[in-house]
Amino acid sequence: MPKSRSRSDFLFRIGTGTFGVLLVVLVCAIGVVLARQSVLSVQKFGMNFWRTEIWDPVAGEFGALPFIWGTLYSSVLALLIATPIALGIAVFISELCPAVLRQPLVFITELLAAIPSIVYGLWGIFVLVPAVRAVETSLPDAMRQLPLFSGAPLGLGMLSAALILAIMVIPFISSISREVLKSVPAAQREGAYALGATRFEAIRAALFYARTGIVGAVMLGFGRALGETMAVTMVIGNNPKVSVSLFAPQYTMAAVIANEFAEAADDLYLSALVETGLVLFIITLIINSLSRLLIWSMARRATAAQEPGVAAEGAS
Amino acid sequence: MTTTGRRKLLSSVVVGFCAGAVVLALVPLAFVLFFVVSQGIRSVNVSFFTHMPTPVGETGGGMANSIAGTLILSGLAALMAVPVGVISGVYMSEYAGTRFAALVRFAADTLNGVPSIVIGLFAYVVAVLPFRQFSALAGGFALGLMMIPIIARTTEELLLLVPGTMREGALALGATRARAVFSVLLPAALPGIVTGVVLALARIAGETAPLLFTAFNNRFFSTRLNQPISSLTVQVYTYATGPYEDWHRQAWAGALVLVLIVLVCSLLARLATRRLERMHARG
C-alpha cells in the first residue's frame, strides 16, 4: 500500500507540475516569439531603430524614438501626479481613517482600478480633453512662451494622457503601499508616539521604515503606466514627434501598435511594430521584477523584525 | 510660535493632505461614473441588447452582436484559463517551499504584468498568422492568457488559507495527496476560487487591446469560432473614435453596459468574500 501511495503522490506532483511548467514556458514563449518576428527590422535598422525620429511606413523608414520618448515621458509625468495622491490615500486608509470608513474606501479605490481602460478613454475624449483644452487656452501668453507649454492648445496631447494615466495608476500604487504599510511593525509607530511624536512624525517613521516597499509600489505603477494602451491611444493625439511640450500631441509604443498593427501590410512594417512590442515587453519585465524584489525584501525584513513564530504574509 | 505648535500644525497639514488625496481620487471616479450613466442611459434600451447595428445615418439599432461576442470570448478565455490556472495554483500551494514553485509564481506574476497589447501581439503571431485569419479562438486565447495568472494566484492564496488540520485529517485517513487536494482542500476553497474567477472575468470582459488584431471585429452576428467576432470593447472603440454623433451615443451605451458588468461582479465578489470571512470567523 505505501508503495502505491508514494507512486500516486509522485504522479500528482508531475501532473500539477506540468501546468506550472506551462506557465514558465508561456512567459519564455512570448519573448522568443516576439524576438523571432522582429528579426527583419532588427537586421535592417539595428540600433538606429531607437535613435531616429522618422516613422514613414510608406517610404519604409522606421525610427521608434518618438514612441519610446512618449511612453517614458507620459509615464513619468503620470507618476509625478499619482505618487503623492496615492501615498496620501494609502496613509489615510491604513493610519488615519476611522475603522467604519476603511472597507468602503478600499472598495472605492478598487473600483477605480476595475473600470475598463476603454471607458476611461471614452471619457477622456469627450470630457477630459475638452476640459484640458479650456485650461490650455486660458493660460496667460507669458507662460505659453515656455517650451513646456508651447504649441497649439488642442486638448489632445501629452497633458491629457498623463492625467488619465495618473488616474489609472493611483489605485495600484495606493493598494500596494497600503499592504506595505500594514506590514510595518506596530512597535515602530508606538515607539514614535512614546517619544512624543505628532501624528505626522509617526507616519513619517512608518513611511521611512517602509521606504523600500513604497519605491516598489511606485515602480509597479510605472510598469502599469508604460503598458497602458487604450485610454492613452485615445487622448494623446498620436503624432510621432519628440517634444517636451505638455500641449503637443505625441505617441506611445503601445498606442502605435494598437493603431497600426491591423493595417500594417508589408513584412518590414509588421516586424518594426513587433520589435516595438518586444522592447515594451522587456522594459516592463525588468521594471516589474525589480519592484517585486523591493516589495518582497521589505516584507521579509518586516517579518524578521516581528517576534519569531509570527508569520506575516508577504505583500505580493 | 513654539516648536510644539509648529510640529502640531505641520501634522494637521499632512493629515489634511491625506484626506484631501482621498477626495481628489474620488472626483475622477465620480465624474467617470456620472458621465457614463447620464450619457449611456439615453441609449440603453431593449433594442440595444436585441438589435444589430444600423447602417451609418440611420438612428437606433443596438449592439447585440458585440454583446454575444463578448460573452463568447469570455467563455473561451475561461475554458482555457480555469483549468490551467487552478491546477498551477494547486502546484504552487502544495509545493510552496520548493524552488520550482517560486519560479512558477514568478512566471505568473510576470505574465500578469505583461502589457495587454503585447499579449495581443503574441496571440496574433501564434494564433492568427499561421491561419491567415482573425478568429474568435485567437481572441479567446489572448484573453485566456491574461486570465491564467489571476486565477493561479487566487487559487494558491485560497488553498494556503485552508486550515492545515483539514489536510492532516485527510492524509491521516489514508488519502493520497491528490485525493486530499481534490476531495477536501479544493472544495473548502471553492467559493473563494469562484469569486476569483468572476473577478477575472469582469476584468477581461473590459479588455480591448488584446482583441484588436486577434478577434478583430465583425459587423454581423457571428458565433463561428474560426471567424472574426465583435466585442463590446472593440465596438465601443470604433464608435468612440468615429465621426458620427449617433456612434458616440452608442459608445456611451456600450460603456455603461461594461461598467455595469464590472460593478455587479465586484459587488457580488465583495459580498461573497464578506460571507466567507464570517464563516471563517465562526470557525
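Visitor: A polar contact is a pair of N or O atoms within 3.5 Å. How many residue pairs in polar contact does the rule find across the interface of chain A and chain B?

Guide: The model is a predicted one, and both residues of a pair must reach pLDDT 80 or more to be counted here. Under that condition, the number of residue pairs in polar contact between chain A and chain B is nine.

Visitor: Which element of chain A gives the largest share of the side that touches chain B?

Guide: By class, that side of chain A has 51 nonpolar, 18 polar and eight charged residues. The largest share of it, 20 residues, comes from one element, spanning residues 2-37 of chain A. That element is helix α1 of chain A.

Visitor: What area do chain A and chain B bury between them?

Guide: The size of an interface is often given as the accessible area lost when the parts come together. Here the contact takes 77 residues from chain A and 88 residues from chain B. In chain A, F12(A), L23(A) and L122(A) lose the most area to chain B, together 9% of what that side buries. Carbon and sulfur atoms carry 81% of the total buried between the two chains, which is about 7,000 Å².

Visitor: Which residue of chain B meets the side chain of E201(A) in a salt bridge?

Guide: Side chains of opposite charge can pair when their charged atoms come close. The whole structure holds 11 salt bridges over all chains, and the count between chain A and chain B is three. E201(A) lies in helix α9 (residues 199-209) of chain A and its partner in helix α1 (residues 3-40) of chain B, so the pair joins two chains. With N to O at 2.7 Å, the partner of E201(A) is R7(B).

Visitor: At what angle do helix α3 and helix α6 of chain B pack?

Guide: Two packed helices are described by the angle between their axes and the distance between the axes. For α3(B) (residues 64-94) and α6(B) (residues 136-161), the axes lie 6 Å apart. Their crossing is right-handed, and their contact has 22 nonpolar, eight polar and two charged residues. The packing angle of α3(B) and α6(B) is about 30°.

Visitor: How many helices are there in chain B?

Guide: The C-alpha trace of chain B spans about 70 × 70 × 35 Å along its principal axes. From the N terminus on, its elements run α-α-α-α-α-α-α-α-α-α. With zero strands, the helix count of chain B is 10.

Technical notes. Residues are numbered from 1 along each chain as its sequence is written. Chains are lettered from A and ligands numbered from 1 in the order in which they are written. Side-chain values use heavy atoms; hydrogens and water are left out. Contact means heavy atoms within 4.5 Å. Buried area is the accessible area (1.4 Å probe) that two parts lose on being put together, summed over both. A salt bridge is a side-chain nitrogen of Lys or Arg within 4 Å of a carboxyl oxygen of Asp or Glu. A polar contact is a pair of N or O atoms within 3.5 Å; within protein, one must be able to donate a hydrogen and the other to accept it, and residues adjacent in sequence count only if both atoms are side-chain atoms. Helices (H or I, at least four residues) and strands (E, at least two) are DSSP runs, numbered from the N terminus. Ala, Val, Leu, Ile, Met, Phe, Trp, Tyr, Cys and Pro count as nonpolar, Asp, Glu, Lys and Arg as charged, and the others, Gly among them, as polar. Axes are lines fitted to C-alpha atoms, for helices over the stretch in contact, and angles run from 0 to 180 degrees between N-to-C directions. A crossing is left-handed if the near helix is turned anticlockwise from the far one by less than a right angle, and right-handed if clockwise.
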